[in-house]
Every structure is written in structure tokens, then in C-alpha cells.
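This briefing is meant for a reader who is meeting the structure for the first time. Please keep the sequence and the 3D view at hand while going through the points below.

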Amino acid sequence: MNSGKRQKFLGGLFVNGTLLLLVILWTIPTLGIFVSSFRNRNDIAVSGWWNIFPHREWKVTREIDPAAAGLNPDGIMEVEGVSGTFDEFRAGLSTPDGERLRWVGNKRLGRIQVEEQVWTVSWNFTLDNYRQVLGGQNFEFTKPDGTVEVVPGDNMSGAFLNSLAVTVPSTVIPILIAAFAAYAFAWMTFPGRRTMFIMVVALLVVPLQIALVPILRDYRALNLNGTFLAIWLAHTGFGLALATYLLYNYISSLPRDILESAFIDGASHFTVFTRLILPLSVPALASFAIFQFLWVWNDYLVALIFLGGNPEFELVTQRMAAIIGARGQDWHLLTAGAFVSMLLPLAVFFGLQRYFVRGLLAGSVKG
Amino acid sequence: MNKSRLLILLSLLLTASILLAACGGKATATPMPEQPTQPEQPPMPEVDFDVMPGGALEEALKGTYKGTTVTVDGAFEGNDPDGVKMKQSVAKFEELTGIKVNYIGNKEFEATISVRVDAGDAPDIADFPQPGKAAQYVAAGKVVDVKSFMSEEWLSRQYNQSWRDMATLNGVEAGVFHRFNGKSLVWYPKKAWDAAGYEIPETWDELMALNQQIADDGDTPWCIGIESGAATGWPATDWTEEMMLRTTSLENYDKWVAGELPFDSPEVKKAIETWSEIWFNDAYVFGGRSSIVSTFFGDSPAPMFQDPPQCWMHKQGNFITGFFPSGTVAGVDYGFFYLPPVDPAYGKPFLVAGDVMVMFNDRPEVRALMEYFTVPQSASGWLEGGGALAAHKTATPDMYGVELERGIAELVAQATSFRFDGSDLMPGEVGAGSFWEHITSYVAGSEDLDTAMKAIDATWPK
């Protein structure tokens, strides 16, 4: 009895310990980026984010002038009871009393620093990265006559609104269509149902990239290119196969009895769909909404092709790509940018997450 | 009920975003080019840049094409620093002609331009950072030859022959150069440099003597890093091109770029061996040869700015100042000099990379903008805000608002010849593939020079 309890306790400890370890492993990079987003560019370049924790650092206490001490850097030098070559002194030599001697600079102009280890933290935080990401940079133009014109860069609010305007309809439209389709495939009988369903499933494996050129041609002919409607339709098309399949699995697993009693009471397909199926499938709808929202929000390629990279329609993902500069020189801004662009998807996820766990099981348990 | 509230919320969001889209949607409509209907033409206004006589720009300045739009695509985003400079550069053109310039670039330009051209949705003008990449569109007959509407006399007045040669692909003058970056520059930490009493080298022997002097002082002269993700190795191709220009003739350089002179030839190998003398000497490179391949090119100059400097020289194009620590000032914290010539017989060549404007659709307002791009004032955003130099012969030092670019422009003016970054002109499989890959293996020491050169030659498309 006792040993059984003990075993249970140990087992629980093992599972929880492993989970904790995994959680820590997964969170550390995010934490690092989060801390870095508050550090200034030079600090990021010179030291790691973990320097915010207490650590020991070498601090200079005094300096020795090698020329005055009569040292010859080309031979073996002896300072404060330590001897070594120039290269050894450059790397740093420890003295018996815990200090370190380090040669700084070249042989002609250098000096020897006496350093000791002290506990320190580097808490030099700044909001500059966020300010630049959200508020945009300022650009200076010096005219030939010497006057300086300052042009403010674009801020992120426009990109945020554009991303919303793309993402929300691109999430809602495919869900609406797919729910109708899934219901039809699951509960209506019509000729070619099986074939059509197989075609939908087959479309799951078609990579969307192969459709870019033909769709762009069609859009051009229809004069749709570069409009929001174009990208809503594109995302709807690309998301519809998965949405239909996912919702079909869920809807087809709903108990037949409920529907049959509704039909006996004289309900039409439309009534059954709106009054029974939709309320019952909210978990599946919500979990697909999360998937589709995240995918569209993070999409870069599709928007680039169909919205045309027009600065007026710039999305958050494009803004993030532009923020690092033409050659990646401003990559430190990505740390702050990542967190800013993460806000909305996180809000959506947490807002819908209670459906998510239920929804993940969508269609997996029949009964 | 909770569920219905969710549905209401979703539909509210949907309508809100449709409204948003409706507000922003207007800008997509591209107005059709209007035919000039006014019988009386106002005279051309006075402008502070040269205009090609009898061209479309002259007509446009009279207001003939007012209300039309020209779409320009490129490799930088409309809202990033280069995008702002582009907007600034064309502002005067828009104001004077009433033609709207719609810049739509993005960072995946190379991928999206081919999709766009294939789908028949080519931009009016594309700003190619590598002229070689435009070659496929020239071969497909999609590009308008600039000679078809610009006179020989005008083009040769605005450009050095070198620039026009570099823009000529398959016999078609595929575009006009707009702006460029100088690559043959060596950066140094000015304050510490002056304190240490080092002299700027004018010849290769002086440079090698300086290397030894710095090494004798116990320091490492160079900071070198070639890591750049999938493009690792490109700084090594720059060094190879610099040495090709300095150890052999321009004809050989051109033949090498065109694929007629193999990598496995004594000329190319000599060029690589020349820089190897510096790179493979552990006393000359900060961190030693083994650190070159693993150091990010943008981080590599950082040790130069430590106090005291860990290295004293770094060769890179003028864009590298963007990577220098914030707060460092040109002329105070750092300076630059021209990478000295090796063999005086080949003069003072200058390696450059730049942007060429390629025209896809032939309409009068597009011609007008192309003609505007042939005057240095069309690059004013970069000249006044820094970041690039004007490729035009008619550019003068007083057009530059930034001391650094003006200094580079003066160095460029002293050069005896120009050549474009060779790897950017080679076919993609080589210039952006095997050349990077095998030169990296050579620097890392996993391949010897002969093996690496033969391997590159083998990938050259037949």
C-alpha cells in the first residue's frame, strides 16, 4: 500500500519534472529575446542577455606603465611576481592573490591593467527598440545648401490595421463556406458526393506555391490584383480544403439521433444547420479559426504576391522584414518587433483556447 | 448565449475589416494613361536639372502626362530607409510633372519579379540591384532597350562608357544606372590609428609593410568575416574581384565574368593567392584564419571599435557603416582609404555594385521617369541622406550632403577604371552559388585552391 503510493509519487515527480524541464527549455529562447528587446544595440552586440543576472566580471583597479617598469615586451616579463610572454599577458595572467594582470593595447603604446573580480549585474534597459519599431525612424537629408530636412519614417499602426483587414475576413469566409460544405458532405446525399469529397482531400496535398502564377494571371484579367478582395479570395481558396476536411470529421461524428428527430419534426436542412450543427461545432470552428488566423497573420508570400508590396497595404510581416534594414544591420529591432507582432495572435489564442483543446480532438472520437 | 455572442463578434469584425478595406482600396486603381487633349501647351518650367532635348521628360514637364502613374518595383520596402530615400528622390519629378510614382518594392524582389513578369504583371520600371539578374528578361524580350528612346549623345553625356557597358546585356542596353556603392574601401579606427602613428598605405608594398608593422606591435592588422547565412563567402568573392582588377588586365576580368576565362586559370588563382597572403597568415587576421568563415560579416568590424582596437583594417563597401556601433562618427572615430593597387600597370581600378533601372512597359510617362533617372538629381535622396553615390558622370561633389559619401565620391573620381562586382554578373548558379560555396571551403581549408577552382568551373552553365 505504502510502496504503491510512493511509486505513484515518484512517477508524478518524473512526469512533472520532465514537463518542467521541457517548458524551461522552450521558454528560454523567448525569454532571451524578450530581455534583448529592452537592451540597446551596443549591449546586444557586446554581451549576452544573461548578463542581467548577477555574475562576476573583471574590473580594473589600477594600471602599470610597462615602459616605466622597465619591461621589454619582446622577452619574458616579470610583473608583481608573475612572469610570462607578451601573448600570455595579453590573454591575462592571474596573480597568487586572485587578481589578474592583462596587457591592453599594442607593444609600443599598451599598458598593464591590474583587475579584480567583482559581482555585478548589467541592468541598462531602454525602450529605444520599441520606440523605433512602433514610432518609426527619422531620416535626415542634408541639402546641398546645408539645410537639414528631417523626414519621419512610417509607424506600425498602418501595418497593424492592414494585417487585421486581411486576416479577419480571410479567417471568417473559409469557415463559413467550409461549414456548409462539411454539413453537405456529412449529412446530405447527392450524386458525386464521394468523388467530390476525395477531390477536396486530394487538394490538401497541393502546395499553394504552384497556384501563384495562374491566379495572378486571372486576377490581372479581372483587374483584382492588389486589392483586399484578391487576398481574401486567395486565402479562402488555400484554406478551404483543410477547413472542409477538419469540419467534416467533426460534423459527421455528431450523433445521428439528434438530426433525425429534427427532421421528423419537419426541420429543413438549413434549419438543422443553423440551429443544431453550428452551435454544436463551435469547438471545431474555433480551433480552425485559430489555425487559419495564425497562418494568415504570419503569411508573407501570398500577401506579397497578391497585395503587390504596395507601401499603403504593407502588412506586419512585411514591416518586420523591412525593419532589419537592407543588409540586416538593424537586426536588433527584430527583438522588439517580434513581440509587437506577437500580441494579437496571442490574444486570439488565449481568447479561443478553451475551445482549442476540445477542438483538437475534433472528429477523433466517434460516438 | 455565449456562442451566438461569438458569432456576432466575428461578423462585426468582418464588417469592420470590409469597411477598412473599402477605405484603403481606392489607391489600387491605376488610371489609364490620358491622351493629351489640350491644344495649347504651357511652356516647360525652369528646372535645376538637365533634360534630354526632345524627350518624353521635356514633354512631361509641360504637364502633358499629368495624372498618370508609373509603378516602380525594387529590392527594398517602400517604408524602409531606402524606400524613404526613393520617395525623396522622385518627389521633385512628381511635383514638376504631376506623374505619380508608385514604388512597390519588397525584400523578396528577385522571387516576386519573376512571378510578376511571368503573369504579365510586370512593373513599369524595376530597380535591379544586380544587372545580371535582368538578363533572363532581356532574353525573353520583355525589356525595353533604352537606346530606343534616348539618344546616344545624351547617354554618353550622362554616363561613363564603363557604366553603359555594365548595363548592356545580350547587346541590349537594358537599363540606366541610378546609384552605386564603392567596394574598394578599407576602413580604419582613425583616433587610435593616428595615436599609433600608422600611415595610410599608397601601394601594395606599403600595405604589406604596414601589416608587418602592426603584427610586430603585437596586434592583428585585419578584421575579416565572411559568414552570411546562405550567402556565406560573398566577401571573399569581393576580395577575389579586387585582386583580379589589380593583378591582371580589364579584358581578363571581363572574360572571367563572362565565363571565357576559367577559374582554374593562372590569372584567377594568382588573384586569390594574393589575398590569401593576408587571410591565411594568423598573425594578420583577428582570431586567425579559422575564425574567418564563422564570423558574421556585419559583426566582423566590431573589434576595430574596441578600446584599444583589436584589429586595424577592414575592407568592405560603404554600406558597412550601418553596422558600425551607434554613435561612431565618420572622420572622427573611423576613416577609410582606397585599397592600394598591387601592380601599377593596371592603374587604380574601383570595384562597384549598384542599381540599374530596367524598363518593362513603354509608355510616355514611363519614358519620362527613365529619362529623369539619367540625371544625378534623381538620386538626391541617397546623396543627401547617405547610403549610395550617383552613378552619373554629371554628379558633382557639392550634391552630396553627407561628408562620408562625398569623400568616397572623391576617391571614385580618382579611379582609372570601374568594374561591377563580378559575382553579381555571373550566372546565378556560379555567382550566387558555387563561387560562394567553394571559396568558403578554400578559406576553411577543407579544399585546396585547385580543387575549389575546378569545382566552380564544373558548375558553369553550358
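Where the two chains of this predicted model meet, the contact takes 54 residues from chain A and 56 residues from chain B. On the side of chain B that touches chain A, the elements giving two or more residues are helix 1 (2-24), helix 3 (81-97), helix 4 (109-118), helix 8 (190-196) and helix 15 (380-385) of chain B. The points that follow begin with this contact, then take each chain as a whole, and end with two local features of chain B.

**The contact between the chains**

- With 10 residues, helix 1 of chain B gives the most to the side of chain B that touches chain A.

**Chain A as a whole**

- Chain A has eight strands and 14 helices, and buried residues make up 30% of its 367 residues.
- The radius of gyration of chain A is 32 Å, whereas a compact globule of 367 residues would have one near 21 Å.
- Among the contacts in chain A with a separation of 6 or more, 66% are accounted for by residues 24 or more positions apart.

**Chain B as a whole**

- The secondary structure of chain B comes to 13 strands and 19 helices, and 49% of the 462 residues in chain B are buried.
- Chain B has a radius of gyration of 25 Å, which agrees with the value near 23 Å that a compact globule with 462 residues would have.
- The C-alpha trace of chain B spans about 75 × 75 × 50 Å along its principal axes.
- Residues 24 or more positions apart account for 76% of the contacts in chain B with a separation of 6 or more.

**An open sheet in chain B**

- In chain B, four strands form an open sheet with mixed pairing, and their order is 8-9-7-10.
- Strand 8 (220-222) and strand 10 (334-338) of chain B are the edge strands, since each of them pairs on one side only.
- From one strand to the next, the twist averages 25°.
- Strand 8 of chain B runs parallel to strand 9 (residues 311-315) of chain B, and two bridges join them.
- The bridge partner of B:Trp222 in strand 9 of chain B is B:Met313.

**Helix 11 of chain B**

- Helix 11 (residues 250-258) of chain B has B:Tyr253, B:Trp256 and B:Val257 as its buried residues.
- Because these residues cover an arc of only 95° around the axis, they lie on the same side of helix 11 of chain B.
- Turned away from that buried side is a face of helix 11 of chain B that carries the exposed residues B:Glu251 and B:Ala258.
- The cover over the buried residues of helix 11 of chain B includes helix 10 (234-247), helix 12 (266-279), strand 13 (417-420) and helix 17 (422-425) of chain B.
- B:Gly259, which comes just after helix 11 of chain B, takes a positive phi of about 90°.

Methods
Residues are numbered from 1 along each chain as its sequence is written. Chains are lettered from A and ligands numbered from 1 in the order in which they are written. This is a predicted model: local features need pLDDT of at least 70, side-chain atom pairs count only at pLDDT 80 or more; totals for chains, interfaces and linings use all residues. A residue is buried if 20 or more other C-beta atoms lie within 10 Å of its own, exposed if 12 or fewer, and partly exposed in between; C-beta atoms are placed from the backbone. The arc is that of the directions from the helix axis to the C-beta atoms. Two residues are in contact if their C-beta atoms, placed from the backbone, lie within 7 Å. Two strands pair if DSSP finds at least two bridges between them. Axes are lines fitted to C-alpha atoms, for helices over the stretch in contact, and angles run from 0 to 180 degrees between N-to-C directions. The radius of gyration is taken over C-alpha atoms; the globule rule is 2.2 Å times the number of residues to the power 0.38.
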